[in-house]
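Please examine the sequence and the three-dimensional structure shown below.

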Amino acid sequence: MNVLSPRDIGIILSYRCHSACKHCLYNCGPGWEKEPISLQTLREALEAVTIWPRTPQVHFTGGEPFLHYPLLLEGVRLARELGIPRYLETSAGWCIDHAEAVERFQALLDAGLQAVLISCSPFHAERIPPARTLRALRAALEVFGEDRVTLYLPEYLELIQLFDVDRPTPISEYVERFGQEATHRFLWQGYGIISGGRSGYELGHLVPRFPAHSFADDDCRLDLLFAHHSHFDLYGNFISGFCGGLTAGDWHELPQLLVDFSEGRYPPLIEMLVERGPYGLCEMAEERYGYRPLPEGYAGKCHLCVDARRHLLNNAQFEELRPTGFYDNF
Ligand code: SF4
Ligand code: SF4
């Protein structure tokens, strides 16, 4: 398989979102700037996607893409014009009226949208009343039919309805009802939480913590070079894998980027992570920039990576630490 050849590219219309979920890998939330991607940049991003010999599918995402509904519609039309397979993902935070939801999904279907993914988890339910998730699901099924609607993850549908569906449910209520160990099992393991973004800080108390050196054997070659799922954001960042706040380069320069990566030329932090993983990054940050590892340890390798990167952002100059808003929105 070629390097930097994802099968699925998320187009981040903006990082803005109602929710600021604790498990969000991209630190999305209401604190980000309101202005979404411009129509021109959206077109350029979609055109860039077609550069790969095998065109990946795209998903329109954020943040919450329905915050920019007219732009979302336009994006779907453009992707159809360019022959790119396309779906969207939504948190359903906007879904307060069934008729409006049906109308919006219908317009998206007419514009050429092929499928819908709706987020469903106790992490989302901390911010989004489950009634909205249920409403979005019903409306999407009505318009797109069962085969073209994915609930991510369906095993949580019952769980999020155990509490009052008209209000958000804090994770602490699951801990109170089921205990810390069971909550850890069905939330952290059940969802397959990655410890990047906010999750190491916000949910790390649910899992055992490990010292930095326990990640010494973990490099990020596969995560960064051979990720199936990646993102183009509105600022031009090519975010490989699930590595929020770390850009592989500018997707406007995708042809050159693909040549550089296939010949093993990476930006310095990417090179460090590919070769030596987050422990190498941590050692470099300690030796050269005065980073101090967290005495309580880390919830996973990405938690270590994000924590070292936060320090580097404030104490060094690395172009890969983009978008900077990621580091302002923990
Ligand atoms: S996980 Fe989704 S819903 Fe939650 S903050 Fe991130 S983008 Fe928003
Ligand atoms: S440790 Fe860093 S580079 Fe590696 S997968 Fe996690 S976030 Fe990405």
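## A buried threonine in a loop

Thr169 lies in the loop that runs between β5 (149-152) and α6 (171-178). Helices (H or I, at least four residues) and strands (E, at least two) are DSSP runs, numbered from the N terminus. The model is predicted: local features need pLDDT of at least 70, side-chain atom pairs count only at pLDDT 80 or more, and totals for chains, interfaces and linings use all residues. Residues are numbered from 1 along each chain as its sequence is written, chains are lettered from A and ligands numbered from 1 in the order in which they are written, and side-chain values use heavy atoms, with hydrogens and water left out.

With a relative accessible area of 0%, Thr169 is buried. The term buried means under 20% relative accessible area, exposed means over 50%, and partly exposed lies in between (1.4 Å probe, protein chains only). Leaving aside residues up to four places away in sequence, Thr169 touches Pro122, Ala125, Glu126, Phe163, Asp164 and Tyr174. Contact here means heavy atoms within 4.5 Å.

## Two further residues and their surroundings

Phe326 belongs to helix α13 (residues 325-328). Phe326 has a relative accessible area of 1% and is therefore buried. Not counting residues up to four places away in sequence, Phe326 touches Leu25, Tyr26, Asn27, Trp32, Gly197, Gly244, Gly245, Val306 and Arg309. From Phe326 to Gly290 the separation is 36 residues in sequence and 22 Å in space, C-alpha to C-alpha.

Gln57 is part of strand β2 (residues 57-61). Is Gln57 buried or partly exposed? Its relative accessibility is 33%, so Gln57 counts as partly exposed. With residues up to four places away in sequence not counted, Gln57 touches Arg7, Asp8, Ile9, Pro85 and Tyr87. The C-alpha atoms of Gln57 and Tyr15 are separated by 20 Å, and these residues stand 42 apart along the chain.

## The contact of α3 with α5

Helix α3 (residues 98-111) and helix α5 (residues 130-144) have axes that come within 9 Å and cross at roughly 40°. Axes are lines fitted to C-alpha atoms, for helices over the stretch in contact, and angles run from 0 to 180 degrees between N-to-C directions. The two helices α3 and α5 are therefore oblique to each other. Angles under 35 degrees count as roughly parallel, over 145 as roughly antiparallel, 65 to 115 as roughly perpendicular, and the rest as oblique. The crossing of α3 and α5 is right-handed; a crossing has this hand if the near helix is turned clockwise from the far one by less than a right angle, and is left-handed if anticlockwise.

On the α3 side, the contact is made by His98, Ala101, Val102, Phe105, Gln106 and Leu109, and on the α5 side by Arg135, Ala136, Arg138, Ala139, Ala140, Glu142, Val143 and Phe144. By class, the contact of α3 with α5 has nine nonpolar, two polar and three charged residues. Here Ala, Val, Leu, Ile, Met, Phe, Trp, Tyr, Cys and Pro count as nonpolar, Asp, Glu, Lys and Arg as charged, and the others, Gly among them, as polar.

## The contact of α11 with α12

Helix α11 (residues 268-289) packs against helix α12 (residues 301-315) at an angle of about 55°, and their axes are 10 Å apart. This makes α11 oblique to α12. The crossing of α11 and α12 is left-handed. The residues of this contact divide into 13 nonpolar, two polar and two charged.

## Backbone features

Most residues other than glycine have a negative phi, and most peptide bonds are trans. A cis peptide bond joins Gly62 and Gly63, with omega about 10°, and Gly63 is placed in the loop between β2 and α2 (69-81). Another cis peptide bond joins Tyr152 and Leu153, where omega is about 10°.

Ala20, in the loop between β1 (8-12) and α1 (39-49), has a positive phi near 55°. Ala92, in the loop between β3 (86-90) and α3, has a positive phi near 70°. Ala20 counts as buried at 17% relative accessibility, and Ala92 counts as buried at 0%.

## Cysteines

A disulfide is a pair of cysteine sulfur atoms within 2.5 Å. The count of disulfides is zero. The sulfur of Cys28 has its closest cysteine sulfur in Cys24, at 4.0 Å, which is too far for a bond. Cys28 is buried, at 4% relative accessibility.
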